[in-house]
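I opened this entry to record what I looked up, beginning with the fold of one chain and then turning to a contact between two others.

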Amino acid sequence: MSQIKHKEFNVDLQMKSIELLKSSITMPSTPEVSLTNFNFNINLESKADATNKILFVIVSVEIRSSDQNHVLGSLAVSCIYGIPNFDDVIKIKEGGKLNIPKGLSEILISISISTVRGIMFSSFRGTFLHNAFLPIIDPQSFSPAVIVAE
Amino acid sequence: MKNNNKTARKYKSSAISGLLTEISPVEKLQITTRMSLAARLDDLIIARGWGKSEFAEKVNKHPSEITKWLSGTQNFTIDILSEIALALNLPVGELFAPKQIQVINKAHILITVKQVEPTIKYVTPYGDFVGDVSNYHSGNYKDAEGWSTSRIYYS
Amino acid sequence: MNYEIVELEGFSGNKATIYSIILDGDEDTLFDHFVNENIDKYRSELKFIASRLQVIGQITGARDKFFKHNEGKPGDGVCALYDEPDSNLRLYCIRYGNVAIILGGGGPKPPEILAWQQDEKLKAGAEKMIQVSKDIIELLQSGSLEWSKDGSQLTGNLLITDNEE
């Protein structure tokens, strides 16, 4: 477990589990599809379980051809973080909305993207996607769209 | 005057201790349940963007009745809970236990990468490799000694 | 009015801090007096109130719907713990969001009155809290009192004297 000191919060953070949800690779059927130019479609979803004090960051990556018509590879990974001092760091606002400090959200997104990068490399190593490294991404690109709990 | 950052002195009241020890476990649970239920109901109404009067209309009650429901003092009957659950479009059970997992962020980005070095070059000819149909089947069976074994059939 | 703000151990929890007031020269809090004055006649109702305060401190926080508001001056936070029409007692407090309350006193609420101004006991209870609320607002503005970083604890000089304000 790591204690992370930030100017806005102190958080105790554990990597509880990494779960591989999906992995696929598909060689295109025609030579016209370029294997040197890719599009990375990245979906990121964060979920929180306040009762068990854990946070899920689920990253799904699709590697598509440059014309977006072919899915060449895909990977979905769930990074599960334990936060023992969950109640101190993550506040529940009126209406059930969870308020996660921006700094913490960025830290978790950054760790998750790096984890997925590593898994992608080991999954696609030795294939035509061997060099399709997940690019460096600014975690701030994933601007939070806060969803009110139902 | 400067703030010395001291918090309040902790005070142990014999009057309070006396009262709390007289409360039976079942009384304590009843009160906790009433208040937790009231809090949950309040959150559910707010999450739908309704005011008290709007919710009162949906359950066909006077707003003062809703004030009482949300105060934490109401002893709800099963019938009232059913009316509330119907108005909120929820199973009755969810009035007691919120969904555990909350989605807090969903985002999508697209990154284009060009001129990746093609170090692994396939020699298998291009073709349509994807298919579910196969002439080979495998199955498990137990032999006389109880061991499971795979056998590959060709049909 | 000189007094000390103290934290009530039996009620306070990690959802809300629950305070009361000890007046200068007194050993008991206003809440203790409220209990002691009414325990003979209204024991069961006091148990209910005590249990609710414990739930507020430890489980739900001081949610606004648990209180009757606008008992004091506009915006001063003075309120009463919600009392049903057929209940006998009214307890005045000051609410600071969901995370802190200061309990005062109160008393039996005669059914014929419409406002606390019409009953001497209730008037005394409400007016004390109005004064405490006014004092705290001034002390927060001057910096003698502050809220802790998480907003749930008052910090500073909690022995309030007439000279201080």
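I looked up the secondary structure of chain A in this predicted model and found two helices and seven strands. Following the sequence, I noted the order β-β-β-β-β-α-β-β-α for chain A.

I then checked burial in chain A. Of its 150 residues, 29% are buried.

Among contacts with a separation of 6 or more, 69% are between residues 24 or more positions apart.

I turned to the contact between chain B and chain C. I recorded 33 residues from chain B and 38 residues from chain C. On the chain B side, the elements that give two or more residues are strand E1 (9-11), helix H1 (14-22), helix H2 (25-47) and helix H4 (63-70). Which of these gives the most to the side of chain B that touches chain C? I found H2(B) in that place, with nine residues.

Finally, I examined strand pairing across the two chains. In which sense do E1(B) and strand E1 (residues 3-8) of chain C pair, parallel or antiparallel? The sense is parallel, and the pairing runs over three bridges. Within this part of the model I looked up Tyr11(B), and I noted that Tyr11(B) stands opposite Leu8(C), a residue in E1(C).

Definitions and conventions:
Residues numbered from 1 in each chain as written. Chains lettered and ligands numbered in written order. Predicted model: local features only at pLDDT ≥ 70, side-chain atom pairs only at ≥ 80, totals over all residues. Helix = DSSP H or I, 4+ residues; strand = E, 2+ residues; numbered from the N terminus. Buried ≥ 20, exposed ≤ 12 C-beta atoms within 10 Å, placed from the backbone. Contact = placed C-beta atoms within 7 Å. Pairing = 2+ DSSP bridges.
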